[in-house]
Amino acid sequence: TCGDDSICMAGLWKTAGFQVRPARVVGHCITQVRFDGRWNLLDGDMGPFFLLRDNRTIANEQDLVRDHDLLKRAHTHGILDPDSRAEGEWSAALFVYEGNTPADRNSARDTTMNMVLRPNEALVWRWGHVVPLKYHGRTDITVWGKRAAERICNGLWEYRPDFKREVWRRGAETVENVEVKDGELRGAAGKSGVVVWKMRSPYVFVGGRLEAEGDGAKFALSWDGKSWQEVGTNLDGLFPRDGPARYEYELRCELPAGGVLKRLAIINDLQMAPLALPAMTVGENWLTYSDQSPGPRRVRITHDWVERSLSRPPEMSRFPVYPPDGLRTDGTDIVFQWRPAQAFDGDTIVDYQFELADVWYYKRWPMSSNFSKLVSNTSDRGQPRYTLPGPGLLSPEREYLWRVRAKNSKGVWGDWSSEWSFFAGGPAQPVEVRLEPTKEKDNKLVLRWKPNSKGSAPEKYRIYGSDEKGFSVADKPYRRNVGQSKDVAAEAPANFVAETTNTELVVIGAGVDVPNANRAFYRVVAVDEGGKRSGPSDYAAAPRPLICSKTPAAAKVGAEFRYQVATIRSLGDLRLHMVDGKEVANFWDIEKPRFALVKGPAWLRIDEATGLLHGMPDTAGYADVEVKVTVERPVRKLDEVRLSWGQEQVKETGVEQVGSATQRFRIIVAQ
């Protein structure tokens, strides 16, 4: 479904005049569109789009490849799927392609949904489906479950030519040796008559039948007007589920001498999608008909529906509990609350739908997948509230609108509440986070940042560090999806470093004494005087390798000397690869350091893999030592065309050197 969806989205955007290009995602297919001066990733199949930390700019593929936390902080599926941190991490693992190679995508755009109806021809849009279900698709719909099958609709395309009126001839492609008498078709005297009708629909045909009354008429069907096969009254077998999609065919009727055709109905089942069907709402509806036929015409339009009155829709409360309408919150870690809706006639309230929009940018559209929710799919199920996953998903000093509606135990949704507004408060995430050398030039790095100009003034800052690229901040140990990795523990430790009132902190270098010092990546969180936190900042990456261990000063003749050379390296992030035809998640890109002893006494050795320097001095004096470390990571060159359709094919594998670093020191050897 994702491949079809990405094709359709590409065609729509192309028609609207936008540039498009495919994302290159393992096991999934998405099209990007260019507007506002940048590429934007909009996943029409899974449903969501992801925002950068300004909560306004739509992320593109490379934004998400660089920082998986942008996905992990979001709801990565549609509104019908429950919240799941593990699913968010799995979705993040799809984004692996580090490149910006241009490409294009398009759909067939030479067809339209325009249709021509002949006299006595009708299109019937229907919300239900026949039993057994008729549909077209490469995959058996039962794979997706009962709910998926219920979403397919079967409309009808009917043609009933009126042989009593001469206009029937204009509806046929061919009429040969046919006479009309008393509203019946007959072969001309001593000859076989032939009539050919073309059936054409913008909806795919998934079945059909003929209702014919007469004597001696024979029918045949052709896809190309050249090859014909005889048919009976049931045409279903000609439209198999996994066969070619059929949008038109020709039907031939042969009338031998003496044969007669009194009446004919050509009826085809169509496949329709409910979201593309006309719809009505409770109350007054205005329906407009138009066509392009010149001159007078006679058209009959019938609306048929089932009026359900067994249950009155619930009535939504008129007032919010929190945030109060029109006021400001004290932070962005909001628990939205409202007064319970009222159910009638013994019904109960079983669910709420919550929506939030940015007043100035998104108007009535949900701001992201975090703000279009069924409460039953969250941890707040059963309660008139919705708790945001964490701070930072809203931006301070911005105005937002939110609304809710309720569903009763009969499955009936009520009207939406009024739109309630509020201004978000609290601090905003720090900006310009970077790692720089200290002024002392002591081979240490200081993490620096600037306070955000938006939101309440920070009183202090909390720093977090991890070797996992795209990590999420955590004050406590937590579970994470590591796939099949044996090198990364599923129980992740807390990654809190320290709290400071300054806008900098030394975090890397020999002798730095804070938790999670000497990590590959760092983020900063602002905290205001009320204790409200911002969301985490973008991450700053440390140069790698960087030797961060404190060199030894002395050794002793005849005593074992040991010094562990330590360096910063990245664990990469959880990524998806295809292994033996299956999608396998793992931390594939762990950087591996290689250590070498460039200079040193004969008694000194180094373990190439671990960086352990060891040996037993045999002479007093001093020894100059030079240690070099290089960091490598695996690289894979993929077929970019196939990857744009979600298919991973490895063209080359290898190892690339990330960088190198050298440490020089002198060992004083005592007697």
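A charge is taken to sit over a ring if NZ of Lys or CZ of Arg is within 6 Å of the ring centre and within 35 degrees of the ring normal. Arg118 meets this rule over the face of Tyr159, at 4.1 Å from the ring centre. Arg405 likewise lies over the face of Trp413, 4.5 Å from the ring centre. The model is a predicted one, in which local features need pLDDT of at least 70, side-chain atom pairs count only at pLDDT 80 or more, and totals for chains, interfaces and linings use all residues. Residues are numbered from 1 along each chain as its sequence is written, and side-chain values use heavy atoms, with hydrogens and water left out.

The nonpolar interior comes next. In soluble globular proteins, nonpolar side chains tend to be buried together. A nonpolar core is a set of buried Ala, Val, Leu, Ile, Met, Phe, Trp, Tyr and Cys residues joined through side-chain atoms within 4.5 Å; buried means under 20% relative accessible area, exposed over 50%, and partly exposed in between (1.4 Å probe, protein chains only). The largest such core has 31 residues, and those with the most contacts inside it are Leu185, Trp197, Phe219, Val231, Tyr249, Leu261 and Ile266. At least two residues each come from strand 5 (153–159), strand 9 (193–215), strand 10, strand 12 and strand 13 (260–272), where strands (E, at least two residues) and helices (H or I, at least four) are DSSP runs numbered from the N terminus. Strand 9 gives the most to this core, with six residues. Apart from it lies another core, of 30 residues, including Val33, Leu51, Phe336 and Met367.

A pair of aromatic rings is described by the distance of the centres and the angle of the planes. Rings of Phe, Tyr and Trp (its six-membered ring) pair if their centres lie within 6.5 Å; planes under 30 degrees apart count as stacked, over 60 as edge-to-face and the rest as tilted. By this rule the count comes to 22 aromatic pairs. One of them joins Trp223 and Phe239 edge-to-face, at 5.6 Å centre to centre and with 80° between the planes. This pair links distant parts of the chain, 16 residues apart: Trp223 is in the loop between strand 10 (218–222) and strand 11 (229–231), and Phe239 is in the loop between strand 11 and strand 12 (246–255). Trp223 is partly exposed, with a relative accessible area of 28%, whereas Phe239 counts as buried at 5%. The rings of Trp402 and Trp420 have centres 4.8 Å apart and planes at 65°, so this pair is edge-to-face. Trp402 belongs to strand 20 (residues 399–408) and Trp420 to strand 21 (residues 420–423), 18 residues apart. Both Trp402 and Trp420 are buried. They also belong to a cluster in which ring pairs link Phe336, Trp338, Tyr352, Phe354, Tyr386, Tyr400, Trp402, Trp420 and Phe422.

Side chains of opposite charge can pair when their charged atoms come close. With a salt bridge defined as a side-chain nitrogen of Lys or Arg within 4 Å of a carboxyl oxygen of Asp or Glu, the structure holds 52 salt bridges. In one of them, the side chains of Asp67 and Arg523 meet at 2.8 Å, N to O. Asp67 is in the loop between helix 2 (61–66) and helix 3 (69–72), and Arg523 is in strand 29 (residues 521–528), 456 residues apart. Asp67 counts as buried at 2% relative accessibility, and Arg523 counts as buried at 0%. Glu504 and Arg448 form another salt bridge (2.9 Å, N to O). Glu504 lies in strand 28 (residues 504–508) and Arg448 in strand 23 (residues 445–450), so the pair ties together parts that are 56 residues apart in sequence. A further bridge joins Glu656 and Arg633 (2.7 Å, N to O). These two side chains take part in one network, in which salt bridges that share partners join Glu98, Lys469, Asp573, Arg575, Asp589, Arg633 and Glu656.

The C-alpha atoms of Arg21 and Ser644 are separated by 9.1 Å, although the residues are 623 apart along the chain. Arg21 is in strand 1 (residues 19–22) and is buried, with a relative accessible area of 11%.
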